[in-house]
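Hi everyone, thanks for coming. Today I'd like to walk you through one structure, so please have a look at the screen with me.

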Amino acid sequence: MTNSYNIRTTVASDAAAIAEVQVASWQSSYKGIVPDPLIEQLTIQNRTQAWERIIPALAENGQGEVFVWTLDNRIVGFASMGPQRETELRDMGYVAEVTAIYIVDAAKRRGGGRALMAACAGAAVARGHRQMSVWVLTENWGGRGFYESIGGQELIQRESEDRTAPIDETAYGWTDLQALIANNPQ
């Protein structure tokens with residue numbers, strides 16, 4: 001794979017490729033963090049169906065976007081952003097949220113994650129937002145390290161309501177989206 005940062009807004013026909021990236025990423029990144037049954041129930045088919053609904057819904061309501069990263073004409077990563085879903089973060093001024101970001105293992109550490117985050121920040125700024133957040137599994141040290149390396153500040157943590165399969169999360173936030181955009185490797 002070459003290092004090129006082809007980031008673009010997604011189209012409906014990208015749903016299956018996005019689902020493949022998401023499932024592969026869950027299988028590799030969350031093993032040992034998320035209970036195996038939760039990982040196993042995430043299938044390309046059910047994620048494709050979900051993305052076939054999400055992509056046009058965001059396009060219609062104009063509140064968010066999905067971006068894909070392609071290398072050698074293949075989708076290897078994606079990120080989505082939209083309005084903040086967590087009241088406490090919204091009350092803190094983080095009205096935009098990166099709702100998902102996933103990259104296949106073979107493409108990690110090539111700058112695509114930075115480029116995807118910059119695209120999400122640009123979309124947030126275009127909507128008049130000045131701050132943005134993202135949730136990451138608390139035990140996902142690789143993800144947390146990535147967010148910290150691009151200027152994310154730990155904001156709050158939330159404990160899983162399911163104590164039989166606890167999956168705690170940590171929110172990171174950016175108060176200077178222009179700096180995040182400038183951090184883009186393109």
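Let's begin with a question: is the crossing of α5 and α6 left-handed or right-handed? The crossing is right-handed. Here is how that is decided: a crossing is left-handed if the near helix is turned anticlockwise from the far one by less than a right angle, and right-handed if clockwise.

Before we go on, this is a predicted model, where local features need pLDDT of at least 70, side-chain atom pairs count only at pLDDT 80 or more, and totals for chains, interfaces and linings use all residues. Residues are numbered from 1 along each chain as its sequence is written, and side-chain values use heavy atoms, leaving out hydrogens and water.

Back to our helices. Helix α5 covers residues 112-126 and helix α6 covers residues 141-149; they pack at an angle of about 60 degrees, with axes 11 Å apart. Axes here are lines fitted to C-alpha atoms, for helices over the stretch in contact, and angles run from 0 to 180 degrees between N-to-C directions. Helices (H or I, at least four residues) and strands (E, at least two) are DSSP runs, numbered from the N terminus. On the α5 side, the contact (heavy atoms within 4.5 Å) is made by G113, R114 and M117, and on the α6 side by F146, Y147 and S149.

Now for the aromatic rings. Rings of Phe, Tyr and Trp (its six-membered ring) pair if their centres lie within 6.5 Å; planes under 30 degrees apart count as stacked, over 60 as edge-to-face and the rest as tilted. By this rule there are seven aromatic pairs. Take Y30 and Y102: their ring centres are 6.4 Å apart and their planes are at 75 degrees, so this pair is edge-to-face. Y30 sits in the loop between α1 and α2, Y102 in strand β4, 72 residues apart.

What about F78 and Y102? Their ring centres are 5.7 Å apart with planes at 40 degrees, so the pair is tilted. F78 has a relative accessible area of 0% and is buried (under 20% is buried, over 50% exposed, partly exposed in between, with a 1.4 Å probe and protein chains only). Y102, at 11%, also counts as buried.

Putting the rings together, ring pairs link W26, Y30, W51, F78 and Y102 into a cluster. And which residue touches some of these? Q22 in helix α1 is in contact with W51, F78 and Y102, among others, leaving aside its neighbours within four places in sequence. Q22 is buried too, at 7% relative accessible area.
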